[in-house]
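The sequence and the structure come first, and the description comes after them.

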Amino acid sequence: MPIAKKITNMLIEQIIKEKIAQAVNQLYGQEFDPQNVQVQNTRKDVEGDMTVVVFPFLRISKKSPELTANELGQYLQEQVDEVSSYSVIKGFLNVTISTSYWINQLAEAFTDVDYGFTKATEESALFMVEYSSPNTNKPLHLGHIRNNLLGFSLGELLKANGKRVVKTNIVNDRGIHICKSMYAWKQWGEGKTPESTGIKGDHLVGDFYVLFDKHYKKEIEELVATGVSKEEAEQTAPSIVAARELLRKWEAKDTETIELWSMMNQWVYAGFDVTYKELGVDFDQIYYESETYLVGKDEVLRGLNEGIFTQREDQSVWADLTPEGLDQKLLLRSDGTSVYMTQDIGTAKLRFNDYEIDKMVYVVGNEQDYHFKVLSILLDKLGFSWGKGLHHFSYGMVELPHGKMKSREGTVVDADDLMAEMVEVARKTSEELGKLDGYTEEEALETYKTIALGALKYFILKVDPKKNMMFNPEESIDFNGNTGPFIQYTYARIRSVIRKAEEKGIIPAINFDKAMAISEKENELIKTISLYPSIVQEAAESYSPAVIANYVYNLVKEYNQFYHDHSILNEDDEDVRKLRLVLSTTVAKIIKSGMGLMGISVPERM
RNA sequence: GCCUCGGUAGCUCAGUUGGAUAGAGCAACUGCCUUCUAAGCAGUAGGUCAUGGGUUCGAAUCCCGUCCGGGGUACCA
């Protein structure tokens with residue numbers, strides 16, 4: 001289990017910890033583990049850079065907080081070159097780090113092309129990240145968007161932390177839900193295709209899914225009206241009987257059924273490909289449930305033979321998880337067909353055959369917490385050593401003002417529609433502001449998309465993945481304040497400055513006097529820049545792109561204050577001008593890098 | 001019922017190895033563009049951190065109870 005770390009500049013923090021421990025030893029004659037020294041970033045409204053909490057030392061020093069802090073501060077200032085001064089407020093030791101240290105930090109951040117990132121090697125741990133995992137009976141909606149963005153971003157975060165990553169997708173391409181669409185198409189489809197109707201394939205298939213439900217509900221009503229019980233009507237309505245028959249035929253590999261299934265799935269895949277491309281997500285390896293569920297079934301039967309599972313009189317197969325404090329879990333129905341869990345067991349087995357996976361991560365909503373708890377135990381029982389170590393990246397649901405999204409009730413926010421709407425809003429805003437005058441229509445459209453997707457992705461990723469989030473379509477499309485476009489805008493402004501510098505023949509470089517004095521704002525900015533590596537680490541360890549989002553927002557806010565208060569190219573002092581250009585360039589680099597970790601691109605102009 | 005996650009400003013969200021006076025954005029109101037992009041900057045106002053106890057030098061944060069809400073507990077996926 002990763003342990004959350006306090007985010008500070010790791011280098012200077014470590015130095016202070018060790019020196020404080022040493023000071024405690026020398027001054028008060030007691031050993032103290034440097035790692036237990038509490039060091040944090042100094043509050044904004046207090047002078048200083050790093051703060052040492054001295055309360056834990058009072059038992060050892062047997063002196064007042066003020067006196068103890070002063071003695072330790074004195075020691076630090078004498079022993080550590082980087083410490084230029086200190087102050088004591090309410091028993092907190094605030095240490096000021098020398099400007100030259102910060103300028104060196106900036107130089108390092110500026111020079112390192114992969115600042116904050118760790119490169120993967122052949123020996124690096126292999127993470128397989130499963131995300132997206134759609135059903136093929138309907139188009140993607142807002143809930144899928146959160147899943148896809150989190151999955152993709154998590155992959156990027158892991159790569160940035162030196163892991164090897166295989167992004168994977170398990171496509172739920174078989175089952176009764178597909179058969180419902182298939183039946184509806186056969187019955188009422190009149191041979192419609194995406195080509196003949198001009199409707200995107202996944203939407204067309206989704207329309208038939210809705211159509212099925214309409215007929216099914218009507219049939220139930222009619223049956224109930226004739227005196228049949230609701231339960232019985234649900235089981236005997238002609239539509240559902242026909243859909244089940246299709247499923248049976250499919251499992252029996254009936255040629256005509258398989259062909260229909262295959263054709264409609266192809267429509268859906270073509271549609272998904274477009275959505276994935278627009279969203280900017282991709283996969284290294286795709287698995288299909290139709291190819292894994294039988295493997296799962298075999299595993300369950302093996303488990304039954306080995307006495308791990310039990311069979312009831314009606315032939316259904318069960319796992320008894322009461323020793324683990326859970327319930328009985330069904331693994332195979334009485335008719336021998338497989339359930340969700342069966343398929344996941346098969347998919348897991350195939351994956352571990354295909355790759356030397358060190359860590360399997362499932363990006364799946366928190367409604368399935370129980371499912372993955374059980375899956376982990378079942379895999380372990382089946383003898384897979386990796387079963388226990390799987391990680392369910394459990395994220396919260398996306399809620400709408402009106403409540404939960406339900407496909408069949410038409411209360412979903414469709415992924416394609418949402419993206420298209422946001423592009424239109426971006427277009428309108430840009431045109432009103434006249435920011436892209438001089439761009440060709442093609443260049444402009446590219447920028448609208450960048451901004452629209454930036455707004456959407458940032459809106460979703462800035463929220464702690466574990467929490468449910470509210471999406472109000474009316475209000476959530478905002479380009480001001482804590483938003484993706486605000487960050488992109490800051491990037492575009494910096495790029496504009498850099499272009500102007502280049503026109504003047506000025507190239508950002510570390511060619512200034514490092515002993516110069518810098519402003520408070522500049523110092524703040526450099527401190528924030530120096531946090532980036534520990535942020536990247538923290539985000540991966542806590543599986544949270546939101547950590548990156550919040551950091552980048554904070555960085556950008558600080559940069560905008562700096563930008564407002566300071567001239568860059570118009571600054572008279574040459575050294576200061578150079579420093580500010582390097583500072584700006586470095587901020588731009590981190591914005592691009594951090595946004596990239598969230599799958600968000602940044603525009604040159606906006 | 002049981003399991004599980006959550007409750008921070010009108011709204012959407014930050015805020016943990018327990019640390020100083022709980023922060024942003026939106027919405028409202030007020031200023032700032034002849035100077036590197038105003039999708040910006042600055043300010044005003046807005047809080048019993050659901051609630052009651054406990055732990056301690058110190059609690060939004062840890063523990064227990066209560067209230068409210070989400071999810072799960074299917075021969076659906």
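## Overall fold

The model is predicted. Chain A contains 20 helices and 14 strands, and its C-alpha trace spans about 90 × 65 × 45 Å along the principal axes. Of the 606 residues in chain A, 52% are buried. Among contacts in chain A with a separation of 6 or more, 75% are between residues 24 or more positions apart.

The domain assignment divides chain A into domain 1 (10–97), domain 2 (174–283), domain 3 (288–413) and domain 4 (417–597). Between the C-alpha centres of domain 1 and domain 2 the distance is 68 Å.

In soluble globular proteins, nonpolar side chains tend to be buried together. In this model the largest nonpolar core has 153 residues, and I20, L142 and I591 have the most contacts inside it. Another core lies apart from it and has 33 residues, including V166, L326, L375 and L378.

Which residues does L142 contact, leaving aside its neighbours within four places in sequence? They are V398, L400, M405, V413, L418, I460 and F471.

## The surface near RNA strand B

RNA strand B is surrounded by 66 residues, of which D314, K435, M470, Y489 and H566 are the closest. By type, the residues of this surface divide into 25 nonpolar, 22 polar and 19 charged. Several elements each supply at least two residues of the surface near RNA strand B: the strands β2 (50–53), β4 (92–97) and β14 (469–470), and the helices α15 (415–433), α17 (484–503) and α19 (545–565).

Which part of RNA strand B, sugar or phosphate on the one hand or bases on the other, supplies 65% of its atoms within 4 Å of the protein? Sugar or phosphate does, and the rest of these atoms belong to bases.

| Residue (polar side-chain atom) | Atom of RNA strand B | Distance |
|---|---|---|
| R43 | sugar or linking oxygen | 3.1 Å |
| S496 | phosphate oxygen | 2.7 Å |
| N560 | sugar or linking oxygen | 3.4 Å |

R43 also takes part in a contact within the protein: a polar contact of 2.9 Å joins its side chain to that of D45. D45 is in the loop between β1 (39–41) and β2. D45 counts as exposed because its relative accessibility is 60%, and the cut-off for exposed is over 50%. D45 and L27 are 18 residues apart along the chain, and their C-alpha atoms are separated by 30 Å.

## Two residues with positive phi

Most residues other than glycine have a negative phi. K90 is not a glycine, yet it has a positive phi of about 50°. S133, also not a glycine, has a positive phi of about 45°.

Both residues are in loops: K90 in the one between β3 (83–89) and β4, and S133 in the one between β5 (126–130) and α5 (142–160). Is each of these residues buried or exposed? K90 has 70% relative accessibility and therefore counts as exposed. S133 has 19% relative accessibility and therefore counts as buried, the cut-off being under 20%.

N148 is in helix α5. The relative accessible area of N148 is 0%, so the residue is buried. Leaving aside neighbours within four places in sequence, N148 is in contact with Y131, S132, Y276, L279, V281 and F283.

T342 is in helix α13 (residues 340–354). T342 has a relative accessible area of 0% and is therefore buried. Not counting residues up to four places away in sequence, T342 touches Y293, G296, K297, V300, L331 and L332.

Terms used:
Residues are numbered from 1 along each chain as its sequence is written. Chains are lettered from A and ligands numbered from 1 in the order in which they are written. This is a predicted model: local features need pLDDT of at least 70, side-chain atom pairs count only at pLDDT 80 or more; totals for chains, interfaces and linings use all residues. Side-chain values use heavy atoms; hydrogens and water are left out. A nonpolar core is a set of buried Ala, Val, Leu, Ile, Met, Phe, Trp, Tyr and Cys residues joined through side-chain atoms within 4.5 Å. Buried means under 20% relative accessible area, exposed over 50%, partly exposed in between (1.4 Å probe, protein chains only). Contact means heavy atoms within 4.5 Å. A residue is near a molecule or strand if one of its heavy atoms lies within 4 Å of it. A polar contact is a pair of N or O atoms within 3.5 Å; within protein, one must be able to donate a hydrogen and the other to accept it, and residues adjacent in sequence count only if both atoms are side-chain atoms. Helices (H or I, at least four residues) and strands (E, at least two) are DSSP runs, numbered from the N terminus. Ala, Val, Leu, Ile, Met, Phe, Trp, Tyr, Cys and Pro count as nonpolar, Asp, Glu, Lys and Arg as charged, and the others, Gly among them, as polar. Domain bounds come from an automatic or database domain assignment.
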